[in-house]
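Here is a quick tour of one model, with a few local spots worth a look. Have the viewer open as you read.

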Amino acid sequence: MRFRVRPVGRLAGTAEVPGDKSISHRAALLGALAEGPTEIHGYLEAEDGLRTIAAVQALGAEVTRKGPGHYRIGGAGLRGLQEPADVIDCGNSGTTARLLLGVLAGQPSWTMLTGDESLRRRPMGRVTAPLGGMGATIVGRAEATRLPLAIKGLRPLRAIAHASPLASAQVKSAVLLAGLYADGPVSVTEPAPSRDHSERMLRQFGARVASDGRTVTLTPGDLHGTTVHVPGDISSAAFLLVAAAMVGDARVTVARVGVNPTRTGILDVLRAMGAQIAAEPSGPGDDGEPAASLRLGTAALRATSVGGALVPRLIDEIPALAVAAAAADGTTTIGDAAELRVKESDRLAALARELAKMGVQVEERADGMAIPGPQRFRGARVSSGGDHRMAMALTVAGLVADGETVVEDTACVATSFPGFAETLNALAGAPAVVVEDE
Ligand code: S3P
């Protein structure tokens, strides 16, 4: 699939984005581990979200789809999951693989996990090392650091205090999920706070979780089914927000977006760059995750610098941010972001390579980028490299380019934002993004 993108002069109206990917994965997993049923509203019905649904089904949890984004998970309880009959394929979803490994560390049978070509390249040692330290047996490629992996758990697992070298919510969550099966309290300390959806949701399911600065501690105990309302994904909204900031005549509202402060780095940075973003709190917000309608329009963007503790708060938004930076006045620097090299693709290399095709120079650095501006985007033929966020960032660049842009390899957009092209077209009031089968 490819997107043929035409420049637009105007974006207007209200859009919705699909359910938050991180929160959706957690709701399905905790629902499966809970006593009693869980109702999930607003679940991300995109490839990544559906991988986690399929995984909990393979482990014996009963899943009923009651309507669009509405699922009922019949909780199996901490000790009620079963040995899956086949390898679990996590597709493109790193969160499915890493969080599931945490759950599986507490299951007494063998489970095998694999993923697509991209996911099989991504590092798993960051979770298999602490889970092995807790007593799980894990074998697989590259000394059990790459998928496919086979894991056999232990009950109880040994409680650990894990000092994570990375600010990674996936690592933190894997250890906390395994901690449900530990013989005492388990803690994770991170160099900087990562997204805290697991902590919030574990509490909502009745777990004892204490957060103290960069350390979170879970005391093992049963989970109880509940109702989860998944807000829209700010990581998907980011593409619409950046497009609105850049297109000449724009006034866009993105409704009901999750604005958990561990995720709102993109709003802080766009504001620092000169965008005026109005955030109006929206309901229901009764389950620990704040949401808001975000409204913004065209902005005269200026350069900024991004690094340190801000990076985990906007790690997935850097492809979109890089596009905004190229249009901003001055040189934007992004540092402390070497993690971008091990996402769905090496996003630092991909941004430098693909934006260069559009005539935009990006200086690639070991842990970030320097992006001088303002630069003009030239319509060109570019490729996502199979990375959904690259596909969407390049599409946004195409909206403000001189001439037509063709983004190749865009089927991957379905991993997180299936209606992306249609959503942009509705805001543009014209077919700005034409979807073509290759
Ligand atoms: C996620 C955590 C982040 C993020 C990913 C989703 C999560 O990854 O990039 O898209 O849901 O926990 P890391 O934990 O690898 O930083």
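A polar contact here is a pair of N or O atoms within 3.5 Å; within protein, one must be able to donate a hydrogen and the other to accept it, and residues adjacent in sequence count only if both atoms are side-chain atoms. This is a predicted model, in which local features need pLDDT of at least 70 and side-chain atom pairs count only at pLDDT 80 or more, while totals for chains, interfaces and linings use all residues. Residues are numbered from 1 along each chain as its sequence is written, and side-chain values use heavy atoms, with hydrogens and water left out.

## The ligand site

An N or O atom in the side chain of Asp316 is 2.7 Å from an oxygen atom of the ligand. Ser22 also places a polar side-chain atom 2.7 Å from a ligand oxygen, and for Ser168 that distance is 2.6 Å. On its own the ligand exposes 380 Å², and the protein buries 94% of that (areas by the Shrake-Rupley method with a 1.4 Å probe; for residues, only the protein chains shown count as cover).

The shell around the ligand (residues with a heavy atom within 4 Å of it) includes Arg26, Thr95, Arg98, Arg126, Ala169, Gln170, Arg195, Ile315 and Lys343. Which helices each supply at least two residues of this shell? They are helix 1 (21-33), helix 3 (94-104) and helix 7 (169-179); helices (H or I, at least four residues) and strands (E, at least two) are DSSP runs, numbered from the N terminus.

Ser164 is in the loop between strand 10 and helix 7. With a relative accessible area of 8%, Ser164 counts as buried (under 20%; exposed is over 50% and partly exposed is in between, with a 1.4 Å probe and protein chains only). Its side chain reaches the backbone oxygen of Leu166 at 2.7 Å.

Apart from neighbours within four places in sequence, Ser164 contacts Val171, Val188, Thr189, Glu190 and Pro191 (contact means heavy atoms within 4.5 Å).

Most residues other than glycine have a negative phi, and most peptide bonds are trans. Against that background, have a look at helix 6 (residues 141-144), where Ala142 lies. Phi of Ala142 is near 50°, a positive value in a non-glycine residue, and phi of Ala144 is positive too, near 65°. Is Ala144 buried or exposed? Ala144 is buried, at 10% relative accessible area, whereas Ala142 is partly exposed because its relative accessibility is 49%.

Then there are the cis peptide bonds. One runs from Arg155 to Pro156, with omega near -10°; Pro156 is in the loop between strand 9 (146-152) and strand 10 (161-163). Another runs from Gly373 to Pro374, with omega near 0°, and Pro374 belongs to the loop between strand 21 (368-371) and strand 22 (381-383).

## Ala279 in strand 16

Last stop: Ala279, which is part of strand 16 (residues 277-282). Its relative accessibility of 45% makes Ala279 partly exposed. Not counting residues up to four places away in sequence, Ala279 touches Arg271, Ala292, Ser293 and Leu294.

How far apart are Ala279 and Ala421 in space, C-alpha to C-alpha? The distance is 24 Å, for a sequence separation of 142 residues.
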